[in-house]
Amino acid sequence: MSHNRCLWHALLGVIVVWTFSPVEANADALAPRHQLAIRDSQFTLDGKPVFLLGCSYYGALGASAEVWQKDLDDMQKAGINWIRVWATWAAFGNDVSAVDGDGAPRQPYLDKLQKLVDECDRRGMIVDVTLSRGNGVTGPSRLAKLDTHRRAVETLVEALKSRRNWYLDLANERNIQDERFVSFDDLKALRDRVRELESDLLVTASQGGDLSDADLRKYIVKVGVDFVAPHRPRDHDSPAHTDEVTRKLLKSMKAMGHVVPVHFQEPLRRAYSSSFDAKDFEADLRGAISGGAAGWCFHNGDARNAKDGRPRRSFDLTSQRLFEQLDDVELTAIRGFQEVLRASGRKAEK
C-alpha cells in the first residue's frame, strides 16, 4: 500500500504541474511590462522621467500585424516612443472602429487593438487610444448620447484591463461645435466612470485650438483630466509660438495650484492648411520642449486637396504602411527629431 501510495502521489504531482503550469506561464506572458504615469508636469515610464515623442497612427486597426512590425521598427529607430490610435475611425470606405455606434465591442478590431497595445508594451511604447463622436470626416456620427459614450469607455477599459502602457482620450476636440461636441458635464461623468473601473489609467480630453484659462480650469478641476492636450492652430507661424503658449499654460496651472503635463498630441501636419517643411516640424518640437511640454507628436494625415486623399498616411493603412506614404520632407523631419532632443538635453526613452 505504501508503495502504491507513493506512485499515486508522484502521478498526482505530474498532473498538477501539467494542468497549472501553462496557465501560470500564460499569465506571465500577458503581464504588463511597462507603466505610464505622471510626476508633476512630466510623464514617467516605469518610474523614470520620459518625454513622449509620438506619431499619428490613426487607422492602425486596418493594418496587418506585419505592417505594424515594420512601421513600429521605423518609429523606434527615430526615437518615437508612442502612437495615437483611434478606436472610432472610418475613412475612405474603411471602418476600422473598435467600438460600434452604441459603444459595444466591434470585431475583429477590438481584438486587434488589444494585440497592438500588447505589441507596443513589448517594445516599451505607449498607445494613445482616442474616442470621437465623429463629424462625418472620420465616419458617421456616433456615441452622441452619454450612455453610449460611457459604454464605449467601458468597452475599451475592460478590453485593455491590467495594461498600463496606454491612456484614453475621452473625446477628440470635444469643444468643436459640431457632432464632436462633448460637454464638460459629460466629460466629468466619463472621467468618473474610468476612475471606478481603472483608477490608475491616465485620461485626457483633447481641445481643438489653444486653451483659455477658463477652459484650462474646467479640464483640470471640474473634469479631472490627468493632462491637457490642446491641438494648436496650424497657421504657418504657429511653431514660433509653441514655446510661449506652453509656458503660459504651465504658469496658469501654477497659479491655480494644480499642475499637470501639457501634451501636444495633434500639432501641425503636411497637406493640411499650410505647406510645412522639415524645419517647421523641428521648430515646433523644439518649442514644445523648451516651453516645458511633456510630449509632442509627429502628426500626419491625408492630402486634403487631392481627390482621393492620397497619400493618406496614417488615415488609411489598409493598402500601404505609413512609412511608405510619407514624403521626403516628413522623412527628413523624422530623421532630425533625435538631434532636437539631444540638443535640448531631453531624450525619448525606448
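**Legends for close-up views of a predicted model**

**View 1. Ala 283 in helix H8.** Ala 283 sits within helix H8, which covers residues 278-291; helices (H or I, at least four residues) and strands (E, at least two) are DSSP runs numbered from the N terminus. Ala 283 has a relative accessibility of 26% and therefore counts as partly exposed, the class between buried (under 20% relative accessible area) and exposed (over 50%), with a 1.4 Å probe and protein chains only. A distance of 9.6 Å separates the C-alpha atoms of Ala 283 and Ser 238, which are 45 residues apart along the chain. The model is predicted, so local features need pLDDT of at least 70 and side-chain atom pairs pLDDT 80 or more, while totals for chains, interfaces and linings use all residues. Residues are numbered from 1 along each chain as its sequence is written, and side-chain values use heavy atoms, without hydrogens and water.

**View 2. The open sheet of seven strands.** The strand order is E10-E9-E8-E5-E4-E14-E13, with parallel pairing; two strands pair if DSSP finds at least two bridges between them. Strand E10 (202-204) and strand E13 (263-264) form the edges, each pairing on one side only.

**View 3. Strands E4 and E5 with helix H3.** Three bridges join strand E4 (residues 52-56) to strand E5 (residues 82-86) in the parallel sense. Gly 54 has Trp 82 in E5 as its bridge partner. Helix H3 (residues 109-123) packs on the sheet and touches E5 and strand E8 (126-130), contact meaning heavy atoms within 4.5 Å. The direction of H3 makes about 175° with that of E5; axes are lines fitted to C-alpha atoms, for helices over the stretch in contact, and angles run from 0 to 180 degrees between N-to-C directions.
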